[in-house]
Amino acid sequence: LIEQQGSPLDLFERPATTFVAGFLGSPRMTFLNGRVVRDGDNAVLSLQDGATKLPLPEARATQNVADGAAVILRIRPEHIVRARGPAAAPGHVRMRTTIDLIQPTGARTYAMFRLADLPVMAELEAHDISRSGEEIELDLNMNRVSLFDAETERAIV
């Protein structure tokens with residue numbers, strides 16, 4: 001069964017299913033379950049813990065998704081960066097978190113933290129973090145996340 005055809009970059013950037021999304025990339029991306037909650041024209045992704053809310057940017061607000069629809073969010077480690085400046089950029093969500101584990105690799109450092117009580121990996125610059133247990137602010141680039149229908153596991157376009 002062929003899940004999706006296309007160039008490697010197309011498959012990496014625009015996966016059609018959760019299988020394709022999880023197949024490409026290293027380190028692996030994170031998948032989080034949630035529900036779309038609408039408030040007028042705005043949409044928020046309420047994650048599985050019920051407490052974590054991630055505003056969806058207008059480009060990702062997915063007008064074709066019903067209020068309360070179960071979805072799967074996928075975010076790649078390179079779409080999570082150390083916060084810079086007084087506020088998050090448009091379409092980014094700023095969060096304060098404690099780093100559980102770091103893996104320095106030279107120019108980059110992989111940092112594990114928890115989001116909605118699940119482990120998430122961020123790919124940071126080498127000097128963005130110095131030790132496990134450090135509390136830092138991270139920006140999640142919600143412009144780059146992918147959403148999938150929780151039942152079909154197909155991308156929501």
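1. A charge is taken to sit over a ring if NZ of Lys or CZ of Arg is within 6 Å of the ring centre and within 35 degrees of the ring normal. In this predicted model, the charged end of Arg-76 meets that criterion over the ring of Phe-12, 3.7 Å from its centre.

2. On conventions, residues are numbered from 1 along each chain as its sequence is written, and side-chain values use heavy atoms, without hydrogens and water. Local features need pLDDT of at least 70 and side-chain atom pairs count only at pLDDT 80 or more, while totals for chains, interfaces and linings use all residues.

3. The whole structure contains one aromatic pair (ring centres of Phe, Tyr or Trp, the latter by its six-membered ring, within 6.5 Å). Phe-19 and Phe-23 form this pair, which is stacked (planes under 30 degrees apart), with 5.8 Å centre to centre and 25 degrees between the planes. Both residues lie in helix H2 (residues 18-23), four residues apart, about one turn of the helix.

4. Leu-45 has contacts (heavy atoms within 4.5 Å) beyond its neighbours within four places in sequence; among them are Val-36, Leu-54, Leu-56, Val-71, Leu-73 and Leu-147.

5. An open sheet of three strands has the order S5-S10-S6, with antiparallel pairing (at least two DSSP bridges between paired strands). Strand S5 (80-82) and S6 are the edge strands, each pairing on one side only. From one strand to the next, the twist averages 35 degrees. S6 and S10 are joined by seven bridges, and Thr-97 stands opposite Ile-136 in S10.

Notes
Phe/Tyr/Trp six-rings, centres within 6.5 Å; stacked < 30°, edge-to-face > 60°. Axes fitted to C-alpha atoms, helices over the stretch in contact; angles between N-to-C directions.
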